[in-house]
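Trainee: New model on the screen. Please walk me through it.

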Amino acid sequence: MSGAIGAGPAAPASQERPASTSSGTTAPASYDDLVNRALAGRLGPDPRTLRIAVAFTTSQVVRHDGRRGGYRNEVLSLRLDRAVGSCAVEPGALSEGAVDDCAGADVARLLEHPLTPVGVAALDAYLMHVAPHTPENGALPRPLPAGSSLEKSRARATAVVELLDVRPGQTVLVVGVVNSLLEALRSRGVPYIPCDLKGGRTEWGEPIVTDALAELDHCDAVLASGMTLGNGSFEPLREHALRVGKQLVMFAQTGSAVLPRFLGAGVSAVCAEPYPFFWLDGGPGVLHRYGHRDGCTEAAL
């Protein structure tokens, strides 16, 4: 899976009044605005006073029984006190020494790191430290049952697609192809456009497009991976959704604490999954959903 957008013109920023979050604060105008707020100490403690204790990467290669293909992922994670922030990257994308550079560094320095995934992981760790995924912070827990990696993948997919509010015949653009998500949409009869920078074909032989911006006018809703934060393609999606009033649902292992900050500012709902991810353990887990409206999505799907 590569939650990415191909080349294309960025959508112009919306001129609408900034939305307010559930906490009453004004939603950030952009990802860069959120970073600047963190650097200025407007979201919590001065990030110059906080240091990353542990930095590590997790590599994953997946080949599920019964599935034709497989995939490989790599995730950078940073530990700040009890919080862990993460950003998935393409295998081999992190420069040599990037992980060493993070351990012991103050959060502010990493927020301004030249490697975007490092900055995303640092912001995720900081926001998880400031406002963890709890009902008091707007998160609704969704238990994830124990099971095989495929069983847990399908359970997560169900929790994600329940956040979509689409009518029969409406098409969903899926940015960052995950077969279990496509399978969940197929089982509900929801048409979709699979998009991933890696291209290729889905498990069902469907062609995977590589330029999501070219497909935005051909879909009624967007379901996107948090990986779009790491490759810088989140903003065009968010700006489009905000400008035209289109639903944008994010499924987030990358930036799980970052994306809820954009609820009401282009993002409609978030299924947040902080480290450790479902594929690391066969036991029960929990997802954290933001923006879910009970009773509307199952009927719509």
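**The sheet and its neighbours**

Trainee: In which sense do strand 7 and strand 8 pair?
Mentor: Strand 7 (residues 221-225) and strand 8 pair in the parallel sense, over five bridges. Helices (H or I, at least four residues) and strands (E, at least two) are DSSP runs, numbered from the N terminus, and two strands pair if DSSP finds at least two bridges between them.

Trainee: What should I know about where this comes from?
Mentor: It is a predicted model, where local features need pLDDT of at least 70 and side-chain atom pairs count only at pLDDT 80 or more, while totals for chains, interfaces and linings use all residues. Residues are numbered from 1 along each chain as its sequence is written, and side-chain values use heavy atoms, with hydrogens and water left out.

Trainee: Back to strand 8. What pairs with it in the parallel sense over four bridges?
Mentor: That is strand 9 (residues 269-272). Val 249 shows both pairings: Leu 223 has Val 249 as its bridge partner in strand 8, and Val 249 stands opposite Ala 269 in strand 9.

Trainee: Strand 8, mostly covered or mostly open?
Mentor: Mostly covered: six of the six residues in 247-252 are buried. Buried means under 20% relative accessible area, exposed over 50%, and partly exposed in between (1.4 Å probe, protein chains only).

Trainee: Which residues sit on which side of strand 8?
Mentor: Gln 247, Val 249 and Phe 251 are on one side, Leu 248, Met 250 and Ala 252 on the other, and all of them are buried. In a regular strand the side chains alternate between the two faces of the sheet.

Trainee: What is the strand order in the open sheet?
Mentor: The order is 4-10-9-8-7-5-6, seven strands with mixed pairing. Strand 4 (140-144) and strand 6 (192-195) are the edges; each has a single partner strand, so one side of each is left without a neighbour in the sheet. From one strand to the next the twist averages 20 degrees.

Trainee: Where is an antiparallel pair?
Mentor: Strand 9 and strand 10 (residues 285-290) pair that way, over three bridges. There, Cys 271 has Arg 289 in strand 10 as its bridge partner.

Trainee: Which helices pack on the sheet?
Mentor: Helix 6 is one of them, touching strand 5, strand 6, strand 7 and strand 8, and its direction makes about 170 degrees with that of strand 6. Helix 8 also packs on the sheet, touching strand 5, strand 7 and strand 8, at about 150 degrees to the direction of strand 8. Contact means heavy atoms within 4.5 Å; axes are lines fitted to C-alpha atoms, for helices over the stretch in contact, and angles run from 0 to 180 degrees between N-to-C directions.

Trainee: What does Val 270 touch?
Mentor: Leaving out residues up to four places away in sequence, Val 270 touches Leu 163, Met 250, Ala 252, Leu 259, Pro 260, Leu 263, His 288, Arg 289 and Tyr 290.

Trainee: Different topic. How many aromatic pairs?
Mentor: Four. Rings of Phe, Tyr and Trp (its six-membered ring) pair if their centres lie within 6.5 Å; planes under 30 degrees apart count as stacked, over 60 as edge-to-face and the rest as tilted. The rings of Phe 234 and Phe 262 have centres 5.3 Å apart and planes at 65 degrees, so they are edge-to-face.

Trainee: Where do those two sit?
Mentor: Phe 234 is in helix 8 (residues 234-244) and Phe 262 in the loop between strand 8 and strand 9, 28 residues apart. Both are buried.

Trainee: And why is the pair of Tyr 275 and Phe 277 called edge-to-face?
Mentor: Because their planes are at 80 degrees, with centres 5.3 Å apart. Tyr 275 is partly exposed, at 26% relative accessible area, whereas Phe 277 is buried, at 2%.
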